[in-house]
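Me: Can you walk me through this structure? Keep it short, please.

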Amino acid sequence: MPKYYDELDSVLRALADPTRRAVVERLAQSPAVVSELAAPFSMALPSLMQHLRVLENAGLVTSQKHGRVRTVTLRPGALDVLHLWLGEQRTHAERQADRLGIHLTRTHPKET
């Protein structure tokens, strides 16, 4: 089992929630202050802060507080572990599809 599975599990758990996915999508555009992130959601600010904490614990976002304003940023490379895993799965699936194609070609030659 690859060493990055714990990180992958954490990222997948964090992204399992639609609110957190929406926050990540928004942060992919640019950093934002918490009040700006909260605007599209009908939830109390403490609830959004819990979502941000989950994303931060998963290593997806970072936040900095300047005075009374907290700015949240998508961490560069935060989704790399997900891309790595998906790439490995795609490669395996492509090999399977290639073998299936070869098998079908051998068992059902093209009719002319």
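Reply: What follows covers the sheet, the helices and an aromatic pair.

Me: What kind of model is it, and how are residues numbered?
Reply: This is a predicted model: local features need pLDDT of at least 70, side-chain atom pairs count only at pLDDT 80 or more, and totals for chains, interfaces and linings use all residues. Residues are numbered from 1 along each chain as its sequence is written, and side-chain values use heavy atoms, leaving out hydrogens and water.

Me: What is the strand order in the open sheet?
Reply: The order is β1-β3-β2, three strands with antiparallel pairing. Strands are DSSP E runs of at least two residues, helices are H or I runs of at least four, and both are numbered from the N terminus. Two strands pair if DSSP finds at least two bridges between them.

Me: Which are the edge strands?
Reply: β1 (32-33) and β2 (61-66). Each pairs on one side only.

Me: How many bridges between β2 and β3?
Reply: Six, with β3 covering residues 69-74. Ser63 stands opposite Val72 in β3.

Me: Which strands does helix α2 touch?
Reply: Helix α2 (residues 18-27) packs on the sheet and touches β1, β2 and β3. Its direction makes about 85° with that of β3. Contact means heavy atoms within 4.5 Å. Axes are lines fitted to C-alpha atoms, for helices over the stretch in contact, and angles run from 0 to 180 degrees between N-to-C directions.

Me: And what about α4?
Reply: Helix α4 (residues 45-57) also packs on the sheet, touching β2 and β3. The direction of α4 makes about 125° with that of β2.

Me: Back to α2. Is Thr19 buried or exposed?
Reply: Thr19, found in helix α2, is buried at 15% relative accessibility. Buried means under 20% relative accessible area, exposed over 50%, partly exposed in between (1.4 Å probe, protein chains only). Leaving aside residues up to four places away in sequence, Thr19 touches Phe41, Met43 and His51.

Me: Which residues of α1 are buried?
Reply: In α1 (residues 5-15) they are Leu8, Ser10, Val11, Ala14 and Leu15. They cover an arc of only 160° around the axis, so they sit on the same side of α1. The arc is that of the directions from the helix axis to the C-beta atoms. These buried residues pack against α2, α4 and α5 (80-107). On the other side, Asp6 and Arg13 are exposed.

Me: New topic. How many aromatic pairs in the whole structure?
Reply: The search finds one. The ring centres of Tyr4 and Tyr5 are 5.5 Å apart and the planes lie at 75°, so the pair is edge-to-face. Rings of Phe, Tyr and Trp (its six-membered ring) pair if their centres lie within 6.5 Å; planes under 30 degrees apart count as stacked, over 60 as edge-to-face and the rest as tilted.

Me: Where do they stand on burial?
Reply: Tyr4 is buried at 14% relative accessible area. Tyr5 counts as partly exposed at 24%.
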